[in-house]
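Hi there,

Here is the structure I promised to pass on. Please have a look at it first, and then read on for what turned up.

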Amino acid sequence: MRGNARLRAALAAAAEDQIVFDLAGIEEQYDSLTSALPGVAIRFAMKACPVDEVLAGLAAKGAGFDAASPNEIAQALRTGVPVAEVHYGNTIKSDENIAAAYRMGIRDFATDSVEDVTAIAEHAPASRVFCRVATSGTGALWGLSHKCGCSGLDAVHVLDTARTLGLTPAGLSVHVGSQQMTVDAWHEAFDDLAEVIAALGERGIVLDHVNLGGGLPALGYLDRRGRPLEPPIDGMFAAIRAGMRRLREVSPGRLDFVLEPGRHLVADHGAIRAHVSRLSVRHQPWLYLSCGKFNGLYEIDQLRYRLVFPTHTGERIPAVIAGPTCDSDDSFGHEHSLVEVPKAVASGDPVWILSCGAYSTSYTTEGFNGFDPLPRKVVYDVYSIRQIRRDDWDGIVQLESRTYSEKALSEGRAALESRARSSPATCFVLDVDEQLAGYVLALPYPMFRCPDLTEVEQRPFDSRNLHLHDLVIADRFRGGGLASQLLGHLTDTARSNRYERMSLVAVAGSDAFWSANGFRAHSEVPLPRGYGDDAVYMSRSLLPKG
């Protein structure tokens with residue numbers, strides 16, 4: 001986050017510990033990557049940052065997802081991304097996992113063994129598979145060279161078996177190791193891939209893609225001695241472009257490429273606001289922080305994070321840095337070199353821990369030693385949610401028309417205003433930088449009934465069911481989690497007004513999205529014709545569980 005004013009402003013404004021993500025910074029990093037590697041399909045490695053707002057932002061930019069479990073698949077699909085842009089990238093999966101993914105629509109599976117391919121053929125018939133070829137991992141902070149991947153010779157056998165079992169042997173994949181620091185690792189990976197593609201071609205197996213995996217590094221880390229890690233990122237991009245050209249020359253058919261970046265997109269655009277627990281001296285100074293290995297800094301075994309003490313500029317002393325738990329592993333700095341910290345630092349003083357956007361949330365324990373996971377905050381431009389004013393209607397009508405006219409679902413100003421008159425307290429607009437960026441219209445309606453789009457509301461209903469008639473976010477603001485904020489605000493308002501259920505009509509194929517957000521379909525409920533043939537009535541309870 002070096003030089004990132006948005007992130008620094010959010011950290012400065014934070015009064016309590018939290019992890020902050022700069023969504024705009026992540027999106028800018030995505031644009032930079034796709035500019036450096038044009039034409040490569042991005043499948044974000046969800047494990048690096050499974051934060052809904054971040055995933056939604058990347059999906060809106062055009063990314064798909066590398067998911068490692070049915071739960072990650074479900075989370076990916078909640079962004080609204082097409083299921084064809086999500087693959088099951090874990091080579092380790094049970095029969096139950098495979099079947100669950102197949103039921104969710106997944107048709108692309110990673111593999112590295114005959115046993116796994118056999119299971120895929122049984123539980124996900126006629127699917128596509130790509131085989132992971134092992135690399136040495138040399139040059140990476142985390143080599144990842146043992147658990148996943150097979151030899152090139154085995155990959156040929158695995159994909160040949162897949163073909164025999166009725167699967168499509170669609171591709172190969174590699175992973176050069178996480179936080180890879182060398183260009184040579186990419187050259188070696190392309191050498192291995194070229195050999196396997198040639199061997200497959202001799203057997204009549206023509207691949208359609210190569211997945212280059214993860215490994216692209218973050219730029220803001222320090223090594224364990226406190227020296228900046230400076231990966232040759234431009235050289236890596238040049239090696240990847242050259243390697244892709246080479247593989248296309250070797251391949252007997254058209255070859256597309258996929259990349260699974262994780263930390264490269266998010267690490268430098270997340271930071272933690274923590275605080276000092278205590279500066280103590282036991283043979284040497286120890287600085288204890290409120291955040292450590294078990295609640296945000298798991299990767300301190302291989303790297304060091306930059307620390308900023310925003311309220312101190314004076315004399316510094318060398319110290320061991322440690323987290324708040326009683327576990328001896330919860331520390332860094334003493335094995336190689338100490339960390340310079342302010343001598344005058346006191347309990348409660350804020351500390352900013354930089355480049356924490358990758359793996360900080362996913363590796364966090366559920367309350368080890370009683371220390372809770374850090375709350376998350378996603379930085380947007382300034383936004384607010386408020387009730388609708390009369391001068392909002394021109395903007396609402398224009399936004400509604402742009403959203404629905406091509407789908408023949410637009411209902412016109414008179415009908416829209418009549419919905420809001422029925423329940424002003426449950427109709428809101430969302431402003432971003434004082435611009436109207438979205439709206440939601442909701443009104444009490446009897447269960448299993450809904451407004452007719454061609455008619456205005458004549459009178460309000462007395463019902464404990466709140467009908468979410470319409471929720472729209474302007475195109476330029478989609479993917480940043482603002483729809484979730486608006487839905488959350490409406491849900492909180494509904495509960496505070498003692499509504500017991502919320503209903504809606506999902507249109508234009510949006511039922512999967514609403515289902516992922518807790519709504520259940522009632523396909524038996526007849527709907528007015530104006531909603532379209534694929535519309536479905538849905539509802540969810542607002543009452544506490546239990």
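Let me begin at the surface: Glu195 counts as exposed, because its relative accessibility is 59% and the cut-off for that label is over 50%. Please keep in mind throughout that this is a predicted model. Glu195 sits in helix α8, which covers residues 184-202. Together with Asp184, Glu188 and Asp192, Glu195 forms a negative surface patch.

Now to the strands. Side chains in a regular strand alternate between the two faces of the sheet. Strand β5 (residues 108-111) shows this: Asp108 and Ala110 point one way, Phe109 and Thr111 point the other way, and all of them are buried. β5 runs parallel to strand β6 (residues 128-132), and four bridges join the two. Thr111 has Cys131 as its bridge partner in β6.

There is also an open sheet of seven strands with mixed pairing, in the order β20-β21-β22-β23-β24-β26-β25. Its edges are β20 (383-387) and β25 (520-521); each has a single partner strand, so one side of each is left without a neighbour in the sheet. Within this order, β24 (residues 501-506) and β26 (residues 536-541) run antiparallel and are joined by six bridges. Ala506 stands opposite Val536 of β26.

Next, the charged pairs. Side chains of opposite charge can pair when their charged atoms come close. How many salt bridges does the structure hold? There are 21, and here are some of them:

- Arg227 and Asp223 meet through their side chains at 2.8 Å, N to O. Arg227 is partly exposed, with a relative accessible area of 47%, whereas Asp223 is buried at 15%.
- Arg254 and Asp256 form a salt bridge at 3.0 Å, N to O. Arg254 is exposed, with a relative accessible area of 67%, while Asp256 counts as partly exposed at 32% relative accessibility.
- Arg386 and Asp392 make a salt bridge between their side chains at 2.8 Å, N to O. Are these two residues buried or exposed? Both Arg386 and Asp392 are buried.

Best wishes

Technical notes
Residues numbered from 1 in each chain as written. Predicted model: local features only at pLDDT ≥ 70, side-chain atom pairs only at ≥ 80, totals over all residues. Heavy atoms only, no water. Patch = residues over 30% accessible without salt bridge, like charges linked within 9 Å, V, L, I, M, F, W, Y side chains within 5 Å. Areas by Shrake-Rupley, 256 points an atom, 1.4 Å probe, with all protein chains shown as cover. Salt bridge = Lys/Arg side-chain N within 4 Å of Asp/Glu carboxyl O. Lys, Arg positive; Asp, Glu negative; His and termini not counted. Charge placed at Lys NZ, Arg CZ, Asp CG, Glu CD. Buried < 20%, exposed > 50% of the residue type's maximum accessible area, 1.4 Å probe, protein only. Pairing = 2+ DSSP bridges.
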